[in-house]
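Please open the model in your viewer and keep the selection tool at hand, since this tour goes from one group of aromatic rings to the next.

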Amino acid sequence: MDNAFPHHTNEIAKSEAYLGHPWCRYWVHIAHLDTAGGKMSKSKGEFTTVSTLEEKGYDPLVYRLFCLKSHYRKALVFTYENLDNAKAAYDKLVGRVAALKPEGAADEAAMAKYDTAFREALGNDLNTSLAVTRLYDVLKAKDLSDADKAALVGRFDQVLGLDLMAKAEARRSEQAKATTTASAGGYTVTGEGDAEIDALVLQRGEAKKAKDFARADAIRDELKARGVEVTDVPGGAMWKRI
C-alpha cells in the first residue's frame, strides 16, 4: 500500500508510454505484514522469508493459506502461533479432501450455486477469506456427492493455488502404505517399522509442541541425513525413506 504513489503511478506511466496501450486494468495495494511489534521490515531487521519457514518444517502452502484467510486490504499479523493454526487448518483441509471417494460423473446443476458463491466472493474485492469459506461449504455440503465436491475443490483451487488435489492424492498413497508403529501423548507416528526412527520423530513432535524449534530442526536435520522424510499430519507425523 505504501507503493501506491508514486511507484505504481510511475510504472503505469512508463509502461503504457512504451506499449502504447493500457497495461493492467487493476492494481492491488496490499496492506502490511506486521509482527507483534509492528510492521515487518527489512530495514529494521525484522523479517522472515519463506525459506526460513521451510527450514523450520513449514510447507510454503501453509503460509499461503494463512494469507488467503485474511483480506488483502487488512494488515496481517505474523506469529508462529498464527502460522501453527494455519498449518493445522491446512492439514485438516488436505485430510478432508483425501477422504473424498468420488465415483461417477459430477452434477453441474448441483454444483452451480456453490460455483456462483465462490465467484461472487472473489468478485467482492478479491475476498479470498470468504472464498476459502465457500471451499469449506462445499466439503460439508449435504446436497453434493463426493464427485461433485472433488470437481469443485479442483476448480476452486485453480484460483486458491493450495495444491489440494495433489496433496490429497499423496496423503491417500501414504496412508495406504503406512503402518502405525508408535504413539505417545496423543501423538502418533506412522512409518516403516523402525523403532529408532519412530523415537526420533516422536521427540521432534514433542519439541515442536514445546515451541523448541531449534531442537525440532536438529532432529529433522538428523533424520534428513539418514534419508528419512517426515510429513506432519493431524495428530502426529508420517515418515518414509527417500
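**A tour of the aromatic rings**

Begin by selecting Tyr63, which at 22% relative accessibility counts as partly exposed (buried means under 20% relative accessible area, exposed over 50%, partly exposed in between, with a 1.4 Å probe and protein chains only). Bear in mind that this is a predicted model, in which local features need pLDDT of at least 70 and side-chain atom pairs count only at pLDDT 80 or more, while totals for chains, interfaces and linings use all residues. Residues are numbered from 1 along each chain as its sequence is written, and side-chain values use heavy atoms, with hydrogens and water left out.

Next, select Phe118 and Phe156, whose ring centres are 3.9 Å apart with the planes at 5 degrees, so the pair is stacked (rings of Phe, Tyr and Trp, the last by its six-membered ring, pair if their centres lie within 6.5 Å, and planes under 30 degrees apart count as stacked, over 60 as edge-to-face and the rest as tilted). Phe118 belongs to helix H5 (residues 108-123) and Phe156 to helix H7 (residues 146-160), so this pair ties together parts that are 38 residues apart in sequence. Both Phe118 and Phe156 are buried.

Finally, select Tyr58, Tyr63, Phe66, Phe78, Tyr80 and Phe213, which form one aromatic cluster.

Terms used
Helix = DSSP H or I, 4+ residues; strand = E, 2+ residues; numbered from the N terminus.
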